[in-house]
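Biologist: Let us go through some labels and the criteria behind them. Show me the model.

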Amino acid sequence: MALVSPRSWIAGLRTRFAQWLGEPALGNPSASAAEIAHLRKIFERSSKAARIGVWECALPSEALTWTDMVYELFDLPPGSTLDRPSIVDMYTEASRAELTRLRNRAIEERGGFSLDAEIITAKGNHRWIRITAIVECECDVPVRIFGLKQDITSEKIMIDQIRRLAETDALSGLANRNQFEKEFEHACAHRSSGDQSALFLVDMDGFKLVNDSFGHQAGDECLKETARRLMKILDQADVIARIGGDEFAILHRCASLDMANRIGGEIIAALAQDYSRDGKQVRVGVSIGAVFGTSGYLPKDVFAVADKALYAAKREGGGSLITKEMDNSQRVRAA
């Protein structure tokens, strides 16, 4: 099957755009009114189904021309007067900055661009649109920029949901091990000694007794309650994750070893729980192995120190915190 060149595709888009405007078809001045009406009907139905519209901006006047679907994407009445600065203001700050950068470069290079942008419509609706654009020149002078705008809000929502599922522990609602490892690598990669974090490995004491005495459903509820308490007391944490059956990992920015010890103590106090049922009572708590100073060290080295501290805390009988500092000789030197 022969491929359509970008130039041919652009020419075809311009032809159909002109037909939508009711102008004689470019390259086919003899097209009948019936043919134009038929093509316009096909275009409008396809545009509606795909929630995609055609737009054009004249240069240098910046006068805008839109098909009805683009008006609909921005929640504006079809055919209403378009003022480009007002339209650009509907983009969120980040999307507006990226749109300006890509558009300026495309005009300068006589090229094109594609962008997924977030807008807040005239009715206050948040919407994501995919913009494709191409610059058209006459005698190497840019005279217009035009292309397509498509509603991709549903696609964005679906992708975000998939991402959250991939990054979240289903039982506790906390980050899962994969997400923790990403955040952990990022924290360790920072070289600045003034931007330090502490790693806390938290292991539950008495959790097996809850399962054995009251069943796995009670054990699940215990884990959920632990997660709720961690989120409540550690609202400034970079990440709180469940990384194993009854093991949690926390990354928290810390200014000092004393601050790490204080946070560890608050965790131990907050997670002490009593479970009782049918005359049985089980005391649940946590042991913590912590490391202050993750920046500039290999993640595996930091985790190994925290893991060793955790086992030492468990040997003390539970409810203990042992905090270590990284050996400066293990710091990874910048290349």
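Modeller: Gly215 follows H8 and has a positive phi, near 100 degrees. This is a predicted model: local features need pLDDT of at least 70, side-chain atom pairs count only at pLDDT 80 or more, and totals for chains, interfaces and linings use all residues. Residues are numbered from 1 along each chain as its sequence is written, and side-chain values use heavy atoms, with hydrogens and water left out.

Biologist: Which residues of H8 are called buried?

Modeller: Phe207, Val210, Asn211 and Phe214. Buried means under 20% relative accessible area, exposed over 50%, partly exposed in between (1.4 Å probe, protein chains only). Lys208 and Asp212, on the other side of H8, are exposed.

Biologist: Why are the buried residues of H8 said to line one face of the helix?

Modeller: Seen down the axis of H8, they fall within an arc of 105 degrees, so they line one face. The arc is that of the directions from the helix axis to the C-beta atoms.

Biologist: What do the buried residues of H8 pack against?

Modeller: Strands S6 (197-205), S9 (273-277) and S10 (280-292), and helix H9. Contact means heavy atoms within 4.5 Å.

Biologist: At what angle do H8 and H9 pack?

Modeller: About 145 degrees, with the axes 7 Å apart. Axes are lines fitted to C-alpha atoms, for helices over the stretch in contact, and angles run from 0 to 180 degrees between N-to-C directions.

Biologist: Which residues of H8 meet H9?

Modeller: Phe207, Val210, Asn211 and Phe214, and on the H9 side His216, Ala218, Gly219, Cys222 and Leu223.

Conventions
Helices (H or I, at least four residues) and strands (E, at least two) are DSSP runs, numbered from the N terminus.
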